[in-house]
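Hi there,

Here is the structure I promised to pass along. Have a look at it first, and my notes on a few residues follow below.

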Amino acid sequence: MVKVKKSEIHGVGIFPEKTIKAGECIGLAYTLIGMVNGKYIAKWTEDAFTDLGQYHNHSLKPTAKPKIVDGKKVYIYAKEKITPEMEITCNYNEYSKIINIEKPNPAW
């Protein structure tokens, strides 16, 4: 459903193979292993991060958003219609309840 290719934002990014409708679940991004002090902890193993989770880039005008499901998984949902030439991006600030996830760099 998604593929990794060159990004104009940063190195490589993630792009849909076909058009995704607004509100549609794009896929699993991360697996979570629990909570500490009210924040979720992302599992840091190769099987815990999908290409979607590993390669989506930050944007202040994102095309998608993360959603925690059952406290165990983070899925990415389209905020708008995303066509194959559009990059799937999220605002990393929306990961404030998850530790171990990259946060926005002020230079971005």
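Let me start with His56, which is buried at a relative accessible area of 1% (buried means under 20% relative accessible area, exposed over 50%, partly exposed in between, with a 1.4 Å probe and protein chains only). Before going on, please note that this is a predicted model, where local features need pLDDT of at least 70, side-chain atom pairs count only at pLDDT 80 or more, and totals for chains, interfaces and linings use all residues. Residues are numbered from 1 along each chain as its sequence is written, and side-chain values use heavy atoms, with hydrogens and water left out.

His56 sits in the loop between α1 (51-55) and β5 (57-58); helices (H or I, at least four residues) and strands (E, at least two) are DSSP runs, numbered from the N terminus. Leaving aside neighbours within four places in sequence, the residues in contact with His56 include Ile14, Tyr30, Ile88 and Tyr95 (contact means heavy atoms within 4.5 Å).

Next comes Tyr55, in helix α1, which is partly exposed at 26% relative accessibility. Not counting residues up to four places away in sequence, Tyr55 touches Val4, Val12, Gly13 and Ile14.

Asn37, between β3 (25-36) and β4 (39-42), has a positive phi of about 50 degrees although it is not a glycine, and is exposed at 79%. Asp70, in the loop between β6 (64-69) and β7 (73-78), is not a glycine either, yet has a positive phi of about 55 degrees; its relative accessibility of 69% makes Asp70 exposed.

Best wishes
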